[in-house]
Amino acid sequence: MDAFTLAELIRIMRECAGEDDQVDLDGDVAEVDFAELGYDSLALLETAGRLAREWGVSLPEEELTQVRTPAGYVALVNRELAQSGAGG
Amino acid sequence: MTTAAVTGIGVVAPNGLGVADYWSAVLRGQPAIGPIPDSTYPVRFAGQVVGFEPDRHLPGRLVPQTDRMTQFAIAAADWAVQDAKLDLSGFDPLDVGVVTAGTSGGFSFGQRELANLCHRGPEHVSAYMSFAWFYAVNSGQISIRHDLRGPTGVLVADQAGGLDALAQARRKVRQGTRLVLTGGLDCPLCPYSLTAQLAGGRLSDRDDPATAYLPFDVRAGGHVPGEGGAILVLEDRAQAGARGAAVYGEIAGYGATTDPHPDSGRPPNLRRAIELALADAGLHPADVAVVFADAAAVPELDQAEARALAEVFGPHGVPVTAPKTAIGRIYAGGGPLDVVAALLALRERVIPPTVNVARRTVDRAVDLVEAPRPLTGSAALVLARGVGGFNSALVVSTRDIVDR
């Protein structure tokens, strides 16, 4: 099974939640707080909706609200993928 | 009493982006009504904004979460703030409010997501649907973008709402709010929106853009819709002077009435709205240099407007114009665009023309301006009526304003 990557997360967030002009998402953003990247809770929710459709993974809402960084989001997705046995 | 002065303007209109291009096109009477691409509906034409690039005119993060009308509103607010030479970070957020008009909200965003819901299922609906199609969303997005936390709201009264919003903003400035961003933007041209308007029965089904919208004309047969609008910066005149801001003019008077039920047999109340606005401004009819008409292009509504004007100003008693004949009726955006044109007409001392109207109705009592005409005076009256019996009248004035 393919692991979910940071690059894939960034691609999806760009598409469904846009990109802040002040931020370089191609830079080292793994540990940068979503708030600093210009993404609010709704952006994370929108991203979760896209992940559900493209990767067949359903992220628990209570855990989603705890995620603060892209690295944390990627880890959460991979954990759910492993548990559900879904994914590539 | 505090004077509510207009110190900044941002325009998105079918005939121009930005206040300078808009005014130039209005003055030339440049028609901007064109075919709706691939329209299979009885309405064939609309005033459509060209050259607006969301990726260039607003932050990338806001593009996926906004309807086109909100993209217009965010850009127009930015331009108004720039035009007013404002640094909003210098204000307490609680001292700055946002009051816009809405009509029915972000219909094209709503249409797309409802189609997703219907054809693909709820998991395909955007989370941003939660607010993107809401009629208050323009006020919300502007306030979030600039962190403005003063009095904020939305007024809904079809085409009359744009004037009601400016009046509410003026009320807030008079009550002590230092700045209010106000106006309205609309984008009612997607199939979902057109279908709703068609049900209302006031859209033109003509097959020629030059005859599709002809208020006060014997051929009047409804209007064409348009998209766009304007945001204005309103602030206390003394504050504007203290910070060295140039002033376009003031919102000097306002009146609003509602019509009796159509079956009541009683006449409509536009006349009373005009009289209330003039009294509020402390002006006599003779002080009004020009009237920007509502110009419904529905024969009985045109007659009612002509009658109200004749009763207040006397037959042929005041120059009347309707620049919206070049861009269509823009609902929440229509009143603010007319107010912008009125302020610039007063400043430039010229009345912009009504276009296309050539075969005037029996209501020759209306002195319709069909070519640019010199303007004398310092006050203009803007009228707007909304479906459901809303009548709004707003007086703008350049009394005591030095040239900007």
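Q: What makes the pair Glu227(B) and Arg68(B) a salt bridge?
A: The term calls for a side-chain nitrogen of Lys or Arg within 4 Å of a carboxyl oxygen of Asp or Glu. Here the side chains meet at 2.9 Å, N to O, so the pair qualifies. Keep in mind that this is a predicted model, where local features need pLDDT of at least 70, side-chain atom pairs count only at pLDDT 80 or more, and totals for chains, interfaces and linings use all residues. Residues are numbered from 1 along each chain as its sequence is written, chains are lettered from A and ligands numbered from 1 in the order in which they are written, and side-chain values use heavy atoms, leaving out hydrogens and water.

Q: Is Glu227(B) buried or exposed, and how do you know?
A: Buried means under 20% relative accessible area, exposed means over 50%, and partly exposed is in between (1.4 Å probe, protein chains only). Glu227(B) has 3%, so it counts as buried.

Q: What makes α7 of chain B a largely enclosed helix?
A: Helices are DSSP runs of H or I with at least four residues, numbered from the N terminus. Helix α7(B) covers residues 161–174, which is 14 residues. Of these 14, 11 are buried, so the rest of the structure largely encloses the helix. Among the buried ones are Gly161(B), Leu166(B) and Val173(B).

Q: How do you know which residues Gln197(B) is in contact with?
A: Contact means heavy atoms within 4.5 Å. Leaving aside neighbours within four places in sequence, Gln197(B) has Pro188(B), Arg202(B), Leu203(B), Pro225(B) and Tyr331(B) as its contacts. Gln197(B) itself sits in helix α8 of chain B and, at 15% relative accessibility, counts as buried.

Q: Why do Glu63(A) and Arg79(A) tie parts of the chain together?
A: Their closest N and O atoms are 2.2 Å apart, and they form a salt bridge. Glu63(A) lies in helix α4 of chain A and Arg79(A) in helix α5, so the pair joins parts 16 residues apart in sequence.

Note on methods. Helix = DSSP H or I, 4+ residues; strand = E, 2+ residues; numbered from the N terminus. Expected span 1.5 Å × (residues − 1).
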